[in-house]
Amino acid sequence: MNRGDKLEGQIRAVLAADAGTRRLVAVRTPPAVSARLVRSALTLGTAALVIVGALAIGSSVRALRSSPVASEPQAATQGAAVGVCAAARQRVLGMFGVITRLDRIEVKRMTAQDLDAGRDPLFKSRPATPPASDTVLCVVAVGGEIRQTMGLIATGPFSWSLFVSTAGADDSIISTSSGQNGTWPPYFDALPNRQPNPYPGTVVEAVGPDIFRLRLESAMLSAEFGNPVLLRANRYTEIVPTAPTITATGVKPGDRVEVSFEREGRDSSSGAYVLSTFRIVTSVSLMPLSNVVPLGFALPVACLVNSYVRATDGASATWTFTCRAGVMTREAWREQLRAIQLQTGWREIESQGTLLQFAKDDFGLTMTIQPEPPDGAFAVTQRLRLGEFPPSAVDCGRARVDASGRYDQALLDCVWSSYVGGRAARLEIIMTTQEGDPIPTSLYAVPGSLSEVTRDLTADRFANAVNRIVTRYACVTLAPRLWATDPSRYSFELTDCVGGPGPKATTSFP
Amino acid sequence: MAPGRDALVEAALSGNPDAVTKLLERLAGELLPFAGALTAGSAEADVLVGDTLSRVQERLGQLQDPAALSAWARKILLRRFLDHRRWQLRRREVRLESVALAGAPITSPDLIDLRTALTALDRKDRALIVLHYWRGMTLDETAAEMAVPVGTARSRLARILAKLRRTLGGES
């Protein structure tokens, strides 16, 4: 091959590699905005709008009352908020004709006094009937493109808006502020986000799958809300342990629980207060949670860390983890999970709809992330399977410790050179007890990921029965440590470990 | 339906919104490798394809020959790549998400150097190289695609190859 041919061949190879560098995940097409605009304009046009705001330099302030909104959110931002103020957020998401592009949405719970004190004076506006200072509000901030429609007059577009409603009440937005300065309400991040206080009580009876009576422990609360008080969960209620309904948690009369709800939040049909959270504190009748670990409102990274902890305990090959997306959209939660997975070296196998599948080839793991239940949009389940070590890794062999407690140091050299060279390696060394029973100890050294040490103590005939188990540690760092008695030799020290029969920050190999 | 007619394109042209979405997804799959070759696999590929699909969606109703859809979309993408500053002012309606695949596909030092040299080419030169070597177009076709005379394309290619050889330390 002459030089010209060679260069041209190389150019083709480089371009082919570049062309295959990216893989399509999704195409986001705009919603069919026109139909929604028409529907929303009709809805808003017939509502009784009261404008109490005023134009300011570079911004505009509007307030309105009783603005019913479309019932379903845009598909791209659907679902995922749980707990107090989730309904308010969801209502804002459904304002198709008003929010024509959504870049970011967040919600906070605070008192009217908090909002009044924290809001920039430039944007201060009050609804026709200002709420009392201790009224609990849900404040939803939106960044994107917001077109406030006042009857037939369209204003904006604005780059951010703040929608304020009474926490728990589900019928109105009491004020709206909008601006064109920047992409986000300039004072929103400094506003407090107050979580509701949990009220302890004892379950009296279940009236339905999601409705029950509770005897509150506080006499003052009982006087205000009733004794017992009728409570109801809805799709936004955080239920711990995770379950689709209150009765599905296995809660029984006499169980002690903690609940939170809003004074203004009553179900119109039953008169029950709508729960923001429901948590079983003590119960002898909890559902069996075998291999299921509810992690509450864990952030994606916390969910993954917890799943690693549980998955490496050596007791089971498959674990299911249930994390909740909290106030994030399910889509945002899913994307963060995916980003974390890709950053930490997982290979994406599948990305269909909400289902995500990854593989960690050098660690022999697969993970499936799938929202559950299908219509609840809150829970994410991960399954990790500990598999065989892949043939792509360096096999540094298998050795037995001799009578003097020594083993072939070259095997550790093999592991270490592979590890620092960026390749996974495995080594098994069979230790022996004083009685001569074998203790196979294996190391999977995986650069850039968790390295794993497994000890099989099941053949130790003289150990206590509860100690005859397989322990497994998954550790972040691996480093050689010289022997104090013989600096020419070393073993490995692994730190930042999880797993094993109990908490242990470090372990060693062999 | 006549042989060779594309049912999805026909459905999209008739205004079926699901068909439009599916068609855009299919086009995205076709265009992403081309955009990757043009942009050296950078995230700009997503922007380019998103821009192109926005334009396709906007003008779909004006498409005269459904069979020419892919070529038309590719030309739009090429125009956007060549004149990227002008198109940056447009707001994209269609957004694309893709992921950079893990692992370095090029590991040979020679190819790494060549890739660096190709990345340093200006956009017109890079486009010419991609059309000719990656798309496999003849110089005549490449010149037509880029709307330049064949002689210009030929002399430009010779100049690029000479420059690459100099950069890589080979004979000039």
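Hi everyone, let's start with chain B: along the sequence, its secondary structure runs α-α-α-α-α-β-α-α-α-α. In total that is nine helices and one strand. Please keep in mind that this is a predicted model. Of the 172 residues in chain B, 41% are buried. If you take contacts in chain B between residues at least 6 apart in sequence, 64% of them join residues at least 24 apart.

Chain A has another make-up, with eight helices and 28 strands. Buried residues account for 49% of its 510 residues. For chain A, the share of contacts between residues at least 6 apart that join residues at least 24 apart is 59%.

Now to the inside. Which residues touch the most other members of the largest nonpolar core? They are A:Ile11, B:Ile129 and B:Leu164, in a core of 52 residues. Helix 2 of chain B, residues 17–38, gives the most to this core, with 12 residues. A second, separate core holds 23 residues, including A:Val394, A:Leu427, A:Ala445 and A:Tyr490. As general background, nonpolar side chains in soluble globular proteins tend to be buried together.

Let me stay with A:Ile11 for a moment. Setting aside residues up to four places away in sequence, A:Ile11 touches B:Leu114, B:Leu118, B:Ile129, B:Tyr133, B:Leu161 and B:Leu164.

Where do they sit around the axis of helix 9 of chain B?

Helix 9 of chain B covers residues 150–168, and its 19 residues should span 27 Å at 1.5 Å a residue; the end C-alpha atoms are 27 Å apart, so the two values agree. Just after the helix comes B:Gly169, with a positive phi of about 90°.

B:Ala147 lies in the loop between helix 8, residues 139–146, and helix 9 of chain B. B:Ala147 has a positive phi of about 60°, although it is not a glycine. Is B:Ala147 buried or exposed? Its relative accessibility is 60%, and over 50% counts as exposed, so B:Ala147 is exposed.

Next, the packing between two helices. Helix 7 of chain B, residues 123–134, packs against helix 9 of chain B at an angle of about 100°, with the axes 10 Å apart. Angles of 65 to 115 degrees count as roughly perpendicular, so that is how helix 7 and helix 9 of chain B lie to each other. On the helix 7 side, the residues that meet helix 9 of chain B are B:Lys124, B:Asp125, B:Leu128, B:Ile129, B:His132 and B:Tyr133. Their counterparts in helix 9 of chain B are B:Ala153, B:Arg156, B:Leu157, B:Arg159, B:Ile160 and B:Leu161.

One more residue in chain B before we move on. B:Arg55 is in helix 3, residues 44–59. With a relative accessible area of 18%, B:Arg55 falls under the 20% limit and is therefore buried. Its C-alpha atom is 8.5 Å from that of B:Ala73, 18 residues apart along the chain.

Back to chain A, for its cis peptide bonds. One joins A:Asn227 and A:Pro228, with omega about 0°. A:Pro228 sits in the loop between helix 5 (219–225) and strand 12 (229–232) of chain A. Another cis bond runs from A:Phe509 to A:Pro510, with omega near 0°. A:Pro510 belongs to the segment after strand 28 (506–509) of chain A.

What does A:Pro510 have to do with A:Met431? The two are 79 residues apart in sequence and 7.8 Å apart in space, C-alpha to C-alpha. A:Met431 lies in strand 23 of chain A, residues 425–432, and is partly exposed at 25% relative accessible area. Leaving aside neighbours within four places in sequence, A:Met431 is in contact with A:Pro510 and also with A:Val401, A:Asp437, A:Pro438, A:Ile439 and A:Thr441.

Key
Residues numbered from 1 in each chain as written. Chains lettered and ligands numbered in written order. Predicted model: local features only at pLDDT ≥ 70, side-chain atom pairs only at ≥ 80, totals over all residues. Heavy atoms only, no water. Core = buried A, V, L, I, M, F, W, Y, C linked by side-chain atoms within 4.5 Å. Buried < 20%, exposed > 50% of the residue type's maximum accessible area, 1.4 Å probe, protein only. Helix = DSSP H or I, 4+ residues; strand = E, 2+ residues; numbered from the N terminus. Contact = heavy atoms within 4.5 Å. Expected span 1.5 Å × (residues − 1). Axes fitted to C-alpha atoms, helices over the stretch in contact; angles between N-to-C directions. Parallel < 35°, antiparallel > 145°, perpendicular 65-115°, else oblique.
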